Structure formats: structure tokens, C-alpha cells
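The sequence and the model are shown first.

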Amino acid sequence: MNLANRITIARMLLIPVFILFFAEYPLWLTENSRFFGFIHAYGIYIALGVFILASATDKLDGYIARKMNQITNLGKLLDPLADKLLISVALIMMVQTGMVATWIAVAIIAREFVITGLRMVASEQGIALSADRLGKLKMVLQVTAIAAVLLDNAPFTFIRMVQVDELLMLAAVALTIYSGIHYLLNNVKLIKLS
């Protein structure tokens, strides 16, 4: 297994770490633990740091794969899958805590299921569909929106009239749906659906 694919797998392994720190009262800590107060106070920021680190590895593994000529069919499959898992888990956790409306998570995750299904059908026919430019832009906007929501709009509190984190999330949903339709139209003709 090459370096780029190892980085992609490392991104997937960071997802449970994100979950561990996301919860307001992590189940793996007891109130008697010396770290309980620290994790209770800063857990969401640690989770955000893990989320950003995991998201940043998306650029790194792609860069390494291109630079070192390590582009493989496994990488084409794992890279977008890792992105989808990271975003989906973050959205599910955020819905559970009331940070994001359920319909937002459903719209984004449904798009990911459809595209993953298309990729699976293509893969069975020996076709590896990689992410397109819109899909990469969608990922950047989703990461930015999720980070802004996790920070509770903190970087934008000086703007009193507008919830920038909500606007970013709505823009992420719109781009997610648009990019999904675009991807389907461009790739469905490459595979046999019968």
C-alpha cells in the first residue's frame, strides 16, 4: 500500500477520535477523571482540531498521489469514501446535539449515498470514477461550514445581523446538491445501468 493510501486510511481512523471528543459529556470519561473538566470545557475544540486535521489530509494525499505518481484505483475509491464518512459523521453528531437541522444532514448525506452507489456500479464494470472539481469545492465548503458551526459562529460574531455559519451551511447544501446532479449527468453515460 502506497503512502497516499495510508494517509487516506489515517483520515478514516481520525473519525472515531473526532467522535470521542465531540460529545459534551464523553462516555469514556468519568466525573472523577482528572481530565473530565478539561475535556468538558474544550472537547468541542479538540474535536474541531481533529476534524480540520482529517480534512487537511485530503489535500495531502491527493498531492502525494499526483506528485509521486501513486494514483491507484484503490485511492480513487478510498479518498472520496473517507471524505463522505468524515462529513457524514460530523453532520450526524451535529444533528444529535441540535447544531444543525436534520434536513441539512439528510440532503448532504443522501447525495453522498447516490454518488457512492454510482461509483460502486461503475467499479463493478471496471470503471473508477474519481471526484471532479465541483466535488472538491463542495468538500471545502462543507468543511468550512461545519467548522463555523462547531465554533458557534465565533469568528463572525462581529456581524450581528447575519448568522454566517448558517449561511455557509445553506451554501454547502446548495453546492452539494448541484455538484451531485452535475456528477450524475457527466458520469451516468459511462456505465451501463441495466
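## Basis of the report

The model is predicted: local features need pLDDT of at least 70, side-chain atom pairs count only at pLDDT 80 or more, and totals for chains, interfaces and linings use all residues. Residues are numbered from 1 along each chain as its sequence is written, and side-chain values use heavy atoms, with hydrogens and water left out.

## Overall fold

The protein has six helices and zero strands, and its elements run α-α-α-α-α-α from the N terminus on. Helices (H or I, at least four residues) and strands (E, at least two) are DSSP runs, numbered from the N terminus.

Of the 194 residues, 44% count as buried; buried means under 20% relative accessible area, exposed over 50%, and partly exposed in between, with a 1.4 Å probe and protein chains only. Contact means heavy atoms within 4.5 Å. Among contacts between residues at least 6 apart in sequence, 76% join residues at least 24 apart.

## Helix packing

Two packed helices are described by the angle between their axes and the distance between the axes. Axes are lines fitted to C-alpha atoms, for helices over the stretch in contact, and angles run from 0 to 180 degrees between N-to-C directions. Angles under 35 degrees count as roughly parallel, over 145 as roughly antiparallel, 65 to 115 as roughly perpendicular and the rest as oblique. A crossing is left-handed if the near helix is turned anticlockwise from the far one by less than a right angle, and right-handed if clockwise. For residue classes, Ala, Val, Leu, Ile, Met, Phe, Trp, Tyr, Cys and Pro count as nonpolar, Asp, Glu, Lys and Arg as charged, and the others, Gly among them, as polar.

Helix α1 (residues 3–22) packs on helix α3 (residues 73–96) at an angle of about 10°, with the axes 9 Å apart; the two are therefore roughly parallel. Their contact comprises 16 nonpolar, three polar and three charged residues.

The axes of α4 (residues 102–124) and α6 (residues 164–187) come within 10 Å and cross at roughly 20°, so this pair is also roughly parallel. The crossing is left-handed. Residues of α4 including W103, I108 and I115 meet residues of α6, among them M169, V173 and Y183. By class, this contact has 13 nonpolar, four polar and three charged residues.

Helices α5 and α6 pack at about 160°, with their axes 8 Å apart, which makes them roughly antiparallel. Here too α5 passes α6 in a left-handed crossing. The contact includes L137, L141 and I146 of α5 and L168, M169 and L175 of α6. Its residues divide into 13 nonpolar, six polar and two charged.

## Nonpolar cores

A nonpolar core is a set of buried Ala, Val, Leu, Ile, Met, Phe, Trp, Tyr and Cys residues joined through side-chain atoms within 4.5 Å. The largest has 36 residues, and F18, I146 and M169 have the most contacts inside it. The elements giving two or more residues to this core are α1, α2 (36–67), α3, α4, α5 (133–150) and α6, and α5 gives the most, with eight. A second, separate core of six residues includes L118, A122, L129 and I191.

## F18 and A47

Not counting residues up to four places away in sequence, F18 touches A47, V50, F51, V89, A90, M93 and L150. A47 lies in helix α2 and, at 0% relative accessibility, counts as buried. The C-alpha atoms of A47 and F18, 29 residues apart along the chain, are separated by 4.8 Å.
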